[in-house]
Amino acid sequence: MAPRKKGEKKRKTVEVTETKELQHSDAEPSDGSSREEKMAQKRKIKSKKKYIGAHVSISGGIWKAVESSVAIGGHAFALFLGSQRSWTRPALDTAAAVKFQEACAQHGFDPIHILPHGSYLMNCGSPKEDVFSKSQAMLVDELSRCSALGLSQFNFHPGASIDSTPEKCMEKIAQAINHAHQQTPAVITVLENMSGQGSTIGGQFSELRSIIDRVRDKTRVGVCLDTCHAFAAGYDISPPGGVKNILDEFDHVVGLHYLRAVHLNDSKGKLGCHLDRHEDIGCGQIGITAFREIVNEPRMDNIPLILETPGRPGFEYAEQIELLYSLCEKKKKN
Ligand SMILES: [Zn+2]
Ligand SMILES: [Zn+2]
């Protein structure tokens with residue numbers, strides 16, 4: 001998806017259970033602290049709740065991602081760590097990294113709710129030796145950048161077998177991950193499930209499991225579940241109970257403890273179409289029921305839930321985040 005410039009929409013009420021209190025906080029606080037500081041405190045108070053946000057742009061400086069997320073009412077966010085066009089990137093600017101971390105702290109974003117997305121150039125499963133070695137080196141570079149930014153996890157597409165076999169491809173992906181783990185400190189590599197388009201690996205949960213089985217340090221591997229990709233790969237989350245069923249299957253095949261994040265996207269394509277075509281929430285073939293179930297699914301508490309939707313006039317990220325929070329059911333008091 002192409003990062004879009006966000007409007008300067010005023011932050012909306014997003015707290016799940018303390019709606020009234022948050023609306024009240026829209027006014028400037030009287031104790032001298034800024035409104036944003038108050039919002040940051042609210043984030044910290046929130047526990048076992050939903051952390052919804054979007055993939056935001058880093059144009060103008062990596063810290064801009066934080067500001068954009070605040071502007072759209074996000075409580076989590078995703079970002080690229082550099083250009084999507086080049087294999088080689090300029091070294092991360094130390095001052096920019098400090099500014100990024102300060103902005104995260106100021107606005108109350110915990111690193112576990114920030115999910116950097118890997119470059120689309122990488123194919124860690126490529127049978128071509130030059131592409132594989134460049135991808136392996138880029139994975140190391142991406143993880144190093146995460147560390148420098150104080151981030152704890154990194155999401156990427158596993159890879160594609162091209163003219164090789166899925167088995168060989170999964171072996172290479174695991175090899176690249178093991179290599180990157182050796183070269184870098186403790187950032188968690190988060191594999192994204194795919195739509196199964198072409199020769200891409202990771203459409204089936206069993207393929208993610210096979211890669212994880214080959215990763216030596218299991219504490220440094222996880223999965224990001226993309227709803228559009230899952231649906232396009234044939235996992236029907238659209239009917240009532242669909243999300244629960246697919247999560248049960250994920251737990252059985254991969255293991256729920258590996259679930260680190262979710263990408264919230266509706267799908268332009270039909271169930272099992274294998275096309276990676278994201279649609280705005282509730283506007284595609286998946287429909288709103290699945291997203292209502294996700295935001296009320298306790299097994300998806302406390303992990304980043306990231307929008308990667310195209311957006312349309314009047315229904316951009318801010319409105320989609322607001323919609324998703326409005327679907328959260330108030331907890332009954334016993
Ligand atoms: Zn992705
Ligand atoms: Zn995704």
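So, where does Leu271 lie? Leu271 is in the loop between strand 10 and strand 11. Strands here are DSSP runs of E with at least two residues, helices are runs of H or I with at least four residues, and both are numbered from the N terminus.

Quick housekeeping. This is a predicted model, where local features need pLDDT of at least 70 and side-chain atom pairs count only at pLDDT 80 or more, while totals for chains, interfaces and linings use all residues. Residues are numbered from 1 along each chain as its sequence is written, and chains are lettered from A and ligands numbered from 1 in the order in which they are written.

Back to Leu271. Leaving out residues up to four places away in sequence, Leu271 touches Phe231, Gly234, Asp236 and Gln285; contact means C-beta atoms, placed from the backbone, within 7 Å. Ser238 is 33 residues from Leu271 in sequence, and their C-alpha atoms are 9.0 Å apart.

Now, backbone angles. Most residues other than glycine have a negative phi. His274 has a positive one, about 65 degrees, and sits in the loop between strand 10 (266-267) and strand 11 (278-279). His274 has 17 other C-beta atoms within 10 Å, so it counts as partly exposed.

Ile162 also has a positive phi, near 50 degrees. Look for Ile162 in the loop between strand 5 (159-160) and helix 6 (166-183).

Methods: A residue is buried if 20 or more other C-beta atoms lie within 10 Å of its own, exposed if 12 or fewer, and partly exposed in between; C-beta atoms are placed from the backbone. Two residues are in contact if their C-beta atoms, placed from the backbone, lie within 7 Å.
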